[in-house]
Structures are given as C-alpha cells and as structure tokens.
Amino acid sequence: MFGYIKPKNGELLVKEYEQYRGVYCGLCRSLGTHYGKISRMTLSYDCTFLALFVLGREQTCTGFEKKRCVVNPMKKCTFCMDQNDALHLPAALSVITMYHKLKDDLQDGSFGEKLRTLCLMPFAKRPYKKARREFPELLEILTEMEEAQRFLEKESCGSLDAAAEPTAQMLSKVFALTTTEESEKRICKTIGYFLGKWIYVMDAADDLEDDLKKGSFNPLVTKLYLTEKADDNTIAEAKQYCNGVLNQCVAQVIASVNLLHFPQFAPIIQNILGQGLPEMQRTLLFEKEKHS
C-alpha cells in the first residue's frame, strides 16, 4: 500500500477528525496487540481506510476511549474500541504488504535500499509469519498479485489498464473478505477493484519523472512513448491523461460505496473518496513541482 488514501482534513468536522484519528490509533494498537510493537511501523492511511470500511458497516456502535499513546506515553490519544476484532484484517494486510514490499526492495532496490531492507527483514519476518498463518487467503492474494505484476514488468507492458490489473484484482479480493453477505460481495469487489486501479495509476504518475531518469519500469513510459528527454509539457500531458483515468476510478468507487449502508463513519468515508482522493491527485500531479 502507498499511503495515498487520506481524508481532506480541513473539510472534516472536529468530531469526524477525532473519529478518524481514533480509528488510525486503534489500528496502531491492533497491530501491536496482534503482531508486536515493531509491526506498528507498517501503519498506513490505506489500511486505515480499510479499517473504516469494515467498522463503518457494523451495526453496533464503535465506542472510543482516551488512553496513553502506545508510541508516545507522554500524551493521550483517542482509540476506537475494537469490540469485534474488526481491525485484525487491516492489521494483517498491513503486515503482509510491508513484508512483500521489503522483498521487492531486496530484489530490485538500490544498494542503499537493499542494505536498509537487510536490516529490517529480521524484525518484519516474525509478524509476517503470524499474519499469514491467521489469514492464508491474504498471502495467496498478495502472491498472485506479485507474480502477475512481475510478468507484466518483464514484458514491459505498455497498457495502463493491464499493468494496473494485478493491484486492482488484489484489492478487489481483499475487500470481498470484509463481508459474508453474498449480496454485498459483488459491490465490495467493485470498490476494491477501482480503488486498487486508482492506487496503481496514482503511483505510476507520481513516480514518472524518477522512473524516466532511472530507466525503471513504468507503463506510462511505454504507452505514451516517453524518453528521458521528455520536456515539461510532455510530462504535464501524461499526468493530465492519468488524471482522467483517476477521475473515472473515483467515480466508480463512489457509485459503488453509495449502494452500501454505513451506520457509522459515512461522512468520513465520503470525505476521503469525494475530497481526499481528488486532493491527492491535484497535489501530486499538478502542484508537486511548485513546491519542489
């Protein structure tokens, strides 16, 4: 996961922001409870959204309580009370995806990244083994995605849709695990699919300049016939193209989410999808250069 799925904080009510932070901190606490203190390093906004998605559809109200921060005991934080262990799945996904990311860095990263990864791998391995025992389906889903992605990169895939397919399918299957209701599974799969595609395209667009310089795989390079000498106008046109694809993904996700009932956290989820994702697009596609 990449940390792109965030709310637009300025548009949240104070109580909504506190609830969001409560889920974020609750997921941090769940990571520590299930997989040990070191696993809290894998905490991400993307898995926090999955946690909101799961908790938001529970019929019983999620309570909150003030406790000492597990990272900084000098301050108090608001934690959501995970009464039904609903945060276990997002916590496991967080641990498993991080381990797979470390494996990728070890194989394809720079010398510095490989050295850092070698130092982190021993600490990540134990939580990973526990998570895959508890959620073997997550391991299977992530392994399938990795194999499909590796094949596409080896073939220098020039289709953005095809390149995004493994990530889209991965999140589609993950979101399907959030419900036992067959009537909801199809909707959840659609939400995960287009959210996964959004994440992949967003990451490809965000990394475009770096990938051009390094000669790393990026489907946009092949699809749009880009070279290291591409000028600013060409890069801007590529990002404008990506923005259109991303807007279509967001529209599909919102339309599908509107088919589900969220007894809690609905305004936060609507903020993330309707304002947070578009804001991320604007920031990374069109404003990043202004601040660099």
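The model is predicted, so to speak of local features takes a pLDDT of at least 70, side-chain atom pairs count only at pLDDT 80 or more, and totals for chains, interfaces and linings use all residues. Residues are numbered from 1 along each chain as its sequence is written, and side-chain values use heavy atoms, with hydrogens and water left out.

**Cores**
- The largest nonpolar core has 81 residues, and Phe175 and Trp198 have the most contacts inside it.
- A nonpolar core here is a set of buried Ala, Val, Leu, Ile, Met, Phe, Trp, Tyr and Cys residues joined through side-chain atoms within 4.5 Å, where buried means under 20% relative accessible area (1.4 Å probe, protein chains only).
- Leaving aside neighbours within four places in sequence, Trp198 touches Tyr4, Ile5, Leu246, Cys249, Val250, Leu277, Met280 and Gln281 (contact means heavy atoms within 4.5 Å).

**H2 with H3**
- The axes of H2 (residues 45-56) and H3 (residues 88-108) come within 9 Å and cross at roughly 160°; axes are lines fitted to C-alpha atoms over the stretch in contact, and angles run from 0 to 180 degrees between N-to-C directions.
- That makes H2 and H3 roughly antiparallel (angles over 145 degrees).
- Cys47, Leu50 and Ala51 in H2 meet Pro90, Leu93 and Ser94 in H3.

**H1 with H2**
- H1 (residues 14-35) packs on H2 at about 110°, with the axes 9 Å apart.
- H1 and H2 are therefore roughly perpendicular (65 to 115 degrees).

How values were computed. Buried means under 20% relative accessible area, exposed over 50%, partly exposed in between (1.4 Å probe, protein chains only). Helices (H or I, at least four residues) and strands (E, at least two) are DSSP runs, numbered from the N terminus. Angles under 35 degrees count as roughly parallel, over 145 as roughly antiparallel, 65 to 115 as roughly perpendicular and the rest as oblique.
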